[in-house]
Amino acid sequence: MTSTTTAKTTIEFDDRTVRRFMIASIFWGIVGMLAGVFIASQLNFHQLNLASWLSFGRLRPLHTNAVIFAFVGNMMFAGIYYSTQRLCKARTASDLLSSIHFWGWQLIIVAAAITLPLGLTRGQEYAELIWPVNIAVAVIWVVFAVNFFWTLARRNEPSLYVALWFYIGTIITVAMLYIVNHLSIPTSWTHSYTIFAGVQNGLVQWWYGHNAVAFFLTTPILGIMYYFLPKAAERPVYSYRLSIVHFWSLVFIYIWAGPHHLLNTALPKWLQMLGTFFSLMLWVPSWGGMLNGLLTLRGAWDKLRTDPVVKFFIAAVTFYGMATFEGPLLSIPAVNALSHYSDWTIGHVHAGAMGWKGFMAAGMFYWLTPRLYGTKLHSTSWANFHFWIGTVGILVYVGSMWVSGIMQGLMLNATTPDGTALVYPNFIDTLTSIRAMMGFRIIGGSLYLAGMLLMALNIWMTIRKGSPVNETREVAVIERSQRDTMGLKEAFLNDPVACTLGGMVLVLAWLFLPPGADVVALVCAGVFIFLVVRRFQKGHHIWSRWHDSLLHNWLPFTVLSFVAVVLGGLVQIIPTVMVSRAKNVEDRIQQPYTPLELAGRDIYVSEGCYNCHSQMIRTMLPDVLRYGDYSRLGESIYDHPYQWGSKRTGPDLAREGGKYPHSWHYDHMKDPRAISAGSNMPAYPHLFTAKFDQKTLWKKVAVMTRLGVPYPAMTATEVKTAAIEQGIQIVKELEGQGRVGTLPDTQIVALIAYLQKLGKFDVPDLEGRLKGTPAGMPFPLRPGIPDEHRAATPAK
């Protein structure tokens, strides 16, 4: 019998980086939630729109970015840096990269906090940051990735624990999503146009937006759950096999579900059905993960009475289960017809953000702080009170949004028995009916914020009575031969990979082949799956050995994780990008914006109008009766970025052009309540004095031309002249309507020009020539609006 001596070494973990990210998360979390309470108050009290940079449209992106990237982002990094070192039994590879990561991320947050209130935005939800900041995000993310994977390569633990799987999936997928969705062409240091437009932009945006929720706000938190919940419960994870199913099914299925954000729109039907199908499939892995978390507490349920950390973790996992049940439910077209554009979606998002991410963060911070500072938590009773006030806050907030969303959705969709008229034709009536619920939202958010403030005080008092501690641990040093030895053939040429790819090819054939052939493909897929199941039953030990070997090799594991997520994106995006172009559209094609209208559109985006107004009339009778003919794919084909929206605090604007005279828009922007009594829209007095950007307007036209918009060749002088001449014409018409004193180069003139262009399109004739058409239908687009207030588009 031979014996081997294993070398041992003592390592000191880098817990300073963990402390930094934890404190930053708490600080930015309070800032983001304070902004959330403030903008919620603005919806009920329009007077709180105190200045242009404090308006709802500009602060709402600040709130969402602060909560997502500043609060959850810093919390995620704290949890990953702490757990990765201990799971790898190795100090983080580079202290320098850790410092660059931390300070770089905080500078990005500060840049967002400055630029967003100034109206510097890309105008896409969760992707508003301007291009220099986006480049910084990509660079810092690469720094984080290098540090993480370098640590994996230096680990002293042969196998990768389940938490590390979710971290790997997060890092590679977020990089892919962020880079693709933020591809843009700059027009200045603070402005750019996305390379995608219309339906392409919508699909890519929600491929990113939905999976940002999945891979920035869910998978890393699941990894944190798999590490910290067993630690707090002092129990092993309930089921290792269930964690395998949870990870691989989640990363594969999640990436396909983005189109459910665009149901009943101009998005191609096959993509809508694809999104619904995979969204419903998400129930299984999501609830598998939830049950795995809850059942980890088996035999330790008594800790719920005494340990606030366990309270927060179990409540967080429960909210995760609730949110992942509600998400697939909202992807069912009939339910989505009611919920979309309403506060129901807002309630759904906040149940996940406040309940799942927020409570996981609180539990982790309460668990970490005593260990990071070598002392006991200052007050357990304060932590318990934080749990209860936070829980009540979530329930009040989410409950009010459910009631508000369902009530407003039912009112907006209500038609008379014969289906020819709306029961509530005035949009403002539906807004007035939910005022009380909007007030309860403020109360719920304030309670949750109070809990955050109490946690900050509790942790601050804990830090004061302790001192920073870096854990040291003696570990066995393992040789390279004990890890990362899997070859390419063993990793990729095997039954699990071949069977998965073969099944996917047959399912895709079913989706894309013409009638008849698709049935054959479906039958073949069924037979193939049956054979695979039989093969697995006979040789499941081979599959198990392969997966165990895979967990000893971080690079093949990472590659296969990337393949699992990239396939879904390619299948959705490539056909849409290739087919959805102006030359392939046979119905309506959007009329390009004039230079002045383009300037007005940039002002619309800058002011954040897309946060409250959609530009997409769904294929639903109530939408058509309220706003006009349903939107076609080609009617936004030159929109960089698209403006379909995701929330209607105000009416849809897809066919706004020509409904009202210029003076109506002029008065509406100056004092919304003078036009629509009870409106909560802020006034925009600065638009009447501020000048629209003429300096870079020609660059914007040039970039749009590069992106495929059919502008004629124009010099900078011609672009400026065309804009001013159109502005002079609008000013003359305003003067004829009694609005004197407006200058043609002001932002209000450009914005009016843009609003009057909305809904204008051309229709190709049989020979492919474009013929100008009126914006809308031959009947009033909204009940009560006379025909004389609608302007026809002159034929070209």
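Visitor: How many residue pairs are in polar contact across the interface of domain 1 and domain 4?

Guide: This is a predicted model, and across that interface the rule finds 15 residue pairs in polar contact, both residues at pLDDT 80 or more. The elements that give two or more residues to the side of domain 1 that touches domain 4 are H1, H2, strand E2 (184–188), strand E3 (191–194) and H6. The largest share of that side, six residues, comes from H6.

Visitor: Where do domain 1 and domain 4 lie in the chain, and what area do they bury between them?

Guide: The domain assignment places domain 1 at 16–217 and domain 4 at 589–762. Their C-alpha centres lie 31 Å apart. In contact are 34 residues of domain 1 and 34 residues of domain 4. The two domains bury about 2600 Å² between them, 61% of it on carbon and sulfur atoms. The count of salt bridges between domain 1 and domain 4 is one.

Visitor: What makes the pair Arg58 and Glu607 a salt bridge?

Guide: The closest N and O atoms of Arg58 and Glu607 are 2.8 Å apart. The cut-off is 4 Å between a side-chain nitrogen of Lys or Arg and a carboxyl oxygen of Asp or Glu, so a pair within that distance is called a salt bridge. By this rule the count comes to 23 salt bridges.

Visitor: What does Glu471 form with Arg86, and how exposed is Glu471?

Guide: The side chains of Glu471 and Arg86 meet in a salt bridge, at 2.9 Å from N to O. Here too distant parts of the chain are linked: Glu471 is in the loop between helix H17 (435–465) and strand E4 (472–476), 385 residues from Arg86 in helix H2. Glu471 has a relative accessible area of 25%, which lies between the limits of 20% and 50%, so Glu471 is called partly exposed.

Visitor: Where is Phe216, and how do you know whether Phe216 is buried or exposed?

Guide: Phe216 is in the loop between helix H6 (198–215) and helix H7 (219–233). Its relative accessible area is 4%, which is under 20%, so Phe216 is buried. Leaving aside residues up to four places away in sequence, the residues that Phe216 touches include Ile68, Phe69, Trp105 and Trp141.

Visitor: What span is expected for helix H8, and what does H8 reach?

Guide: Helix H8 (residues 240–254) has 15 residues and reaches 21 Å from its first C-alpha to its last, close to the 21 Å expected at 1.5 Å a residue. At the start of H8, a side-chain oxygen of Ser239 comes within 3.0 Å of the backbone nitrogen of Leu242. Buried residues in H8 include Phe247, Trp248 and Tyr254.

Technical notes. Residues numbered from 1 in each chain as written. Predicted model: local features only at pLDDT ≥ 70, side-chain atom pairs only at ≥ 80, totals over all residues. Heavy atoms only, no water. Helix = DSSP H or I, 4+ residues; strand = E, 2+ residues; numbered from the N terminus. Expected span 1.5 Å × (residues − 1). Buried < 20%, exposed > 50% of the residue type's maximum accessible area, 1.4 Å probe, protein only. Polar contact = N/O pair within 3.5 Å; in protein donor to acceptor, adjacent residues only side chain to side chain. Contact = heavy atoms within 4.5 Å. Domains from an automatic or database assignment. Buried area = accessible area lost by both parts, 1.4 Å probe.
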